[in-house]
Amino acid sequence: MSIALPDSVIAAEGEGDLPVLRVATALATGEVYLHGAHVTAWTPAGADPVLWVSGSARFGPGEAIRGGVPICFPWFGTGREPGLAPPAHGFARLAPWRLVAAEEHDDGAVTLTLELTAADVADVPAAAAWPHPFTATYAVTFGRELTLALTVENTGEGEISYEEALHTYLAVADVRTTTVQGLDGATYLDKAADGGPEPETQRGDVTFTAETDRVYDSAGTAVVVDESAGRRIGIDKDGSAHTVVWNPWTDKAASMPDYGDDEWPTMVCVETANALDAAITLAPGERHTMTARYAVTR
Ligand SMILES: O=P(O)(O)OC[C@H]1O[C@@H](O)[C@H](O)[C@@H](O)[C@@H]1O
């Protein structure tokens, strides 16, 4: 099925010859690859790019793009059961999503809707580990705000359970002078700590002085305060019990082949997620939507 595109959207060949949709409106520009339904760019008019993509990112079948907004589904990290990973973070970011709708709204914002079903992942090797019927629908709205809404429907006859994250890589001038507000008092699991899985409690704003890899119990708004750039990125959300904050710092950066050794100061991931004990369980016919909205302010 070919979908009619508004004038503000073009279909093109992107990096690695992968199909990409590029949006250009008076409000913003943006880009989404069908591979992984991966949003790789969003730049509101008059602003600097908000999403970060590594200069070493790999674009190709079987590769997850390093940067932008990878979709983690139906597991997060290594998942809650043995036998899911590798790959980390599920198969959705490796899968061929389909464009099912493209709409320009009266205010000039553009929504691209992509879909992935169990049938679409028949040839994705990692999907064999989670053999459940589902339909995932991802509505991406590029405007003065970026809105990402991931809906998963259980189309089978048994219960399904999954984890999910919108693993957003945000561009910052210097992570060492960046803070994340909104998580004060939240408990978190520190995946970077040697001390084990005991939850800790956030005191004040999150600052970055070492590898940071934390899953916060937080359903509320977070704000990335990028002091050196003089801008703030607000992340408002619905249907999400966790906020994950990640920066690999030096050693982990050096260990990743698709991430430049010196790139770590220029990004921070603030992820809208339902992981671990907040995994979503759906009865047959049920659906769940997780939404993240990003806005830039000075
Ligand atoms: O390298 P990946 O699979 O894209 O994952 C990047 C990071 O993603 C984060 O969400 C995880 O908490 C980290 O542990 C992980 O290292």
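Modeller: Let us start with His167, keeping in mind that this is a predicted model; His167 is found in the loop between β11 (164–166) and β12 (169–171).

Colleague: Is His167 buried or exposed?

Modeller: His167 counts as buried, because it has 23 C-beta neighbours inside 10 Å, and 20 or more are needed for that label.

Colleague: And which residues is His167 in contact with, leaving aside its neighbours within four places in sequence?

Modeller: With those neighbours left aside, His167 is in contact with Val69, Pro70, Cys72, His89, Cys269 and Glu271.

Colleague: What does the UniProt annotation "active site" cover?

Modeller: According to the UniProt record, which is an unreviewed entry, the "active site" annotation covers His167 and Glu271. They span 105 residues in sequence, yet no two of their C-alpha atoms are more than 4.6 Å apart, so they gather at one spot.

Colleague: Where is Glu271 found, then?

Modeller: Glu271 is found in strand β20, which covers residues 267–274, and it is buried, since 26 other C-beta atoms lie within 10 Å. If residues up to four places away in sequence are not counted, Glu271 touches Ala165, Leu166, His167, Thr168, Thr243 and Val244.

Colleague: Switching to the ligand, which residues surround it?

Modeller: The ligand is surrounded by Ala64, Gly77, Ala88, His89, His167, Lys191, Asp213, Val244, Trp246 and Glu271. Sorted by class, this shell has four nonpolar, three polar and three charged residues.

Colleague: Zooming out, how many helices and strands does the protein chain have?

Modeller: The protein chain has one helix and 22 strands, and its C-alpha atoms fill a box of roughly 50 × 45 × 35 Å along the principal axes. A compact globule with 298 residues would have a radius of gyration near 19 Å, and the 18 Å of the protein chain agrees with that.

Colleague: What about the inside, and which residues have the most contacts within the largest nonpolar core?

Modeller: Buried residues make up 44% of the 298 residues in the protein chain. The largest nonpolar core has 87 residues, and those with the most contacts inside it are Leu51, Leu170 and Val270. In soluble globular proteins, nonpolar side chains tend to be buried together.

How values were computed: Residues are numbered from 1 along each chain as its sequence is written. This is a predicted model: local features need pLDDT of at least 70, side-chain atom pairs count only at pLDDT 80 or more; totals for chains, interfaces and linings use all residues. A residue is near a molecule or strand if its C-beta atom, placed from the backbone, lies within 6 Å of it. Ala, Val, Leu, Ile, Met, Phe, Trp, Tyr, Cys and Pro count as nonpolar, Asp, Glu, Lys and Arg as charged, and the others, Gly among them, as polar. UniProt positions are given in the numbering used here, feature names are shortened, and annotations may be inferred rather than shown by experiment. Helices (H or I, at least four residues) and strands (E, at least two) are DSSP runs, numbered from the N terminus. A residue is buried if 20 or more other C-beta atoms lie within 10 Å of its own, exposed if 12 or fewer, and partly exposed in between; C-beta atoms are placed from the backbone. Two residues are in contact if their C-beta atoms, placed from the backbone, lie within 7 Å. The radius of gyration is taken over C-alpha atoms; the globule rule is 2.2 Å times the number of residues to the power 0.38. A nonpolar core is a set of buried Ala, Val, Leu, Ile, Met, Phe, Trp, Tyr and Cys residues joined through C-beta atoms within 7 Å.
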